[in-house]
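The following note sets out comments on the fold, for use alongside the coordinates. The points go from the whole chain to individual elements.

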Amino acid sequence: MKNQFSPMQRLQMEEERDDNFSVIADFSGPEDQFLNIEVNEVIPILPMRNMVLFPGVIAPVTIGRKSSLRLVREAEKKGMYIGAVCQKQADTEEPQLEDLYEIGTVSRIARILEMPDGTITILIQGCRRMHLDEIVSTTPYLKGRITLLDEQLPAKNDKEYTALLDACRDLIIRYVHTSEMFSQDSAFAIRNIGSALFLVDFICTNMPLKREEKMELLAIDELRARTYRLLEILNREVQLAEIKESIQIRAREDINQQQREYFLQQQIKTIQSELGDGSQQEEEEMRAKAVKMKWSKEVREVFEKELGKLARMHSQSPEYSVQINYLQTMLNLPWGIYTDDSVDMKRAERTLNKDHYGLDKVKERILEHLAVLKLKGNMKSPIICLYGPPGVGKTSLGRSIATALKRKYIRMSLGGIHDEAEIRGHRRTYVGAMPGRIIQNLIKAGSSNPVFILDEIDKITVDRIGDPSSALLEVLDPEQNSTFHDNFLDVDYDLSKVMFIATANSLNTIPPPLLDRMELIEVSGYITEEKIEIARRHLLPKELENNGIHKKEVKMPKQTIEAIIESYTRESGVRELEKKIGKILRKIARRYATDGYLPVGEIKKEDLPEYLGAPEYSRDKYQGNEYAGVVTGLAWTAAGGEILFIETSLSRGKGGRLTLTGNLGDVMKESAMLALEYIKAHAGRLHINEEIFDNWNIHIHVPEGAIPKDGPSAGITMATSLASALTQRKVRANIAMTGEITLRGKVLPVGGIKEKILAAKRAGITDIILCNDNRKNIEEIQPMYLNGLTFHYVKDIKEVFALALTDVPVDEPVDFTIKKEPKEKREE
């Protein structure tokens, strides 16, 4: 390795840094002199603050520590190899093993230079990579035990690696030409490096990369892998350098364009001042309108200040349109304008009953809120949130409240909103800034106390732009919304008189802080009987009018409407029902328009396939009690109640395996296991031979396997099914049941009772077993829906068995006799 440098090279040597080619390399020697060196196991360690040295590279390093200065002088004098290792933190003055990276470079001191400013700079030459195993001494300088690392070089005639190396060379030359921090002579030096190892290490040392990335490259043993990683980094750095260069070019062009536009605007301003400008008249109109506004002193001062800014602006400047839009927004807002409330409780009740059938509890809660508003007088109230399945009338309930109070009605859909500025507006520093949708809707309403529907509040999305639900916290807090701050308006606006009503399908996606600010009112789905009345009172007249048919020309009896609900819809609300009725009337209207007369005067149940096609859905019917192990249960779905069948069968087999099928959820599977364990524990009381559990496999199935099922309410149904199958006793005819079971046999209450009861009645069930705690749910159901049903309230599963299981065996009972093998055969 040559140790002589030209005067020009010496002048180029600078203090250790990462921002230019301060490293000098001499690659005329062979690679073997670096790879085949003999080094002691313990060598001096030179900690470097910001430099990562690679083999085959000579770099100038300024020496600052006294211990490091002593180290380099002894190393040069004795010709010793030293270990150049980078520190993890540059400000560490006395580094220990944990402060140094494990991978370093065995190096030698090429020369010690005393600089004109009195500092000592060394030329250090990297030779071979090493691993620092431990620090064995710290005085007078660091000494460490090392392990030399091998370089895994590619084959000399490897064409793929040659192409890879050429790609790296081309990229670094592009980087040198693009970047302003390197001299163009550096590209000439790179082209003349012939050794693959030295070229890669030279680029790794000189590129202005992060210390961590350089250490990552130094730690790679295989030269091919190191070169691939270097190529990835070079691609990134070249792209960044080219983007910076492009930005600088555009910035110079923009400055020139701005100067040109400035002079042109000055000329236009001079011409317009001579001709006169119409903007002054507009300013006078706004000033006159502001006199009539009911503003506070602070708001008026802000308006006068902003109007003064407008007067000083030129009408052609970009800020002029933003400023005039701001002033017009302030003038158009209904400051202090309120509609007179009419809180007539009887009238409100009539309005709600007229617009909505059923929903008695919901309407009762709403009337209670209106009563509080009337008594308080200041019209402040908790924010209402109506939640429930789609199509049950949540949004229309809000409109009915507005009608009852004689307030303006506003609906703002929040579905899909992901930008906080949609609620609070944009700051005026942005081009095209505008107020938030709350302020915009108040301008449309022309009143500061409308009924404001926040529709689909559970559909708000959160992303990197912002969290609109957090912005709503201020809006929906009665203690804060009297000083609502819109970013565009930049003054406080009073929202305390606005009656906010939020609607949602699910509460799970609403953040807890937002949920805490709202009074929740559940709007549950309609039962079939309620849907029939809604169709007769609201949907059918509406669709007759929409299709141009007089209400006396076409009749649709209850049986037909019920058939549509049962066979052609499956929903909680009535939207699909409305569509089906509209479809029937459209077909009738077409025939009326074609033939000149109505094809039918009354739409019968038998006519539905002609208008709507084959039935799309079918409800289960009671299937009798001929088989042991088949029990009728009750289930709740979003579309109403359903009956379901629990089937249990037995098959011979060792081990007593329990199989569960029918797309059951975890809770339902646990109910089956609880039921089986209870029956095993009380087998004697049920007169069940305990050997059956060891010699028979049990299979529980719930039909309609494509439909997921879960919940604890089938606990007593599964226990009864198992008891019937194991005792081969028939289940009582026309009986259904629902309830959760515990391991002790206690029966617990479940939900969805109203929907389940009506489903059982439609299926032909006459007797229903319920938990005793569910008695209160039955008392809340109107008596007209309970005719023909007998309820049996139980507290323990033994009561269920006594009610549900008869003493009549099935026609073909299973033979539970345990067949034993002959003694002689067993001995064989």
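1. The chain contains 29 helices and 24 strands. The model is a predicted one. Of its 828 residues, 47% count as buried. Among contacts in the chain with a separation of 6 or more, 75% are between residues 24 or more positions apart.

2. Strand β4, residues 103-114, has a partner in strand β3 and another in strand β5. Its pairing with β3 (residues 81-86) is antiparallel and is made through four bridges; within it, Y81 has R108 of β4 as its bridge partner. The pairing of β4 with β5 (residues 120-137) is likewise antiparallel and counts 11 bridges, with R111 placed against L123 of β5 as bridge partner. Strand β4 is mostly covered, since 10 of its 12 residues are buried.

3. A separate comment concerns the parallel sheet. Five strands make up an open sheet in the order β8-β9-β12-β7-β13, and their pairing is parallel. Its edges are β8 (409-413) and β13 (518-522), each of which pairs on one side only. From one strand to the next, the twist averages 25 degrees.

4. Inside this sheet, β9 (residues 451-455) is joined to β12 (residues 499-504) by four bridges, the two strands running parallel. F452 stands opposite F500 of β12. Helix α13, residues 360-376, lies across β7 (383-387), β12 and β13. The helix runs at about 150 degrees to β13.

5. How many disulfides does a search of the whole structure find? The search returns zero. For C168, the closest cysteine sulfur belongs to C204 and lies 8.5 Å away; a bond is therefore ruled out, as the distance is too far. C168 counts as buried, with a relative accessibility of 1%. C86 is buried too, at a relative accessible area of 3%.

6. Helix α25 (residues 715-727) has 13 residues and spans 18 Å from its first C-alpha to its last, close to the 18 Å expected at 1.5 Å a residue. Is this helix mostly covered or mostly exposed? It is mostly covered: 13 of the 13 residues of α25 are buried. After α25 comes Q728, which has a positive phi near 55 degrees.

7. The nonpolar interior may be described last. In soluble globular proteins, nonpolar side chains tend to be buried together. Here the largest nonpolar core comprises 69 residues, and L370, I584, I757 and I768 have the most contacts inside it. Helix α19 (residues 528-546) gives the most to this core, contributing six residues. Apart from this core lies another, of 58 residues, which includes L53, A75, I120 and L218.

8. Setting aside neighbours within four places in sequence, I757 is in contact with I768, L770, I778, I781, L786, L789 and F791.

Key
Residues are numbered from 1 along each chain as its sequence is written. This is a predicted model: local features need pLDDT of at least 70, side-chain atom pairs count only at pLDDT 80 or more; totals for chains, interfaces and linings use all residues. Side-chain values use heavy atoms; hydrogens and water are left out. Buried means under 20% relative accessible area, exposed over 50%, partly exposed in between (1.4 Å probe, protein chains only). Two strands pair if DSSP finds at least two bridges between them. Axes are lines fitted to C-alpha atoms, for helices over the stretch in contact, and angles run from 0 to 180 degrees between N-to-C directions. Contact means heavy atoms within 4.5 Å. A disulfide is a pair of cysteine sulfur atoms within 2.5 Å. The expected span of a helix is 1.5 Å times one less than its number of residues. A nonpolar core is a set of buried Ala, Val, Leu, Ile, Met, Phe, Trp, Tyr and Cys residues joined through side-chain atoms within 4.5 Å.
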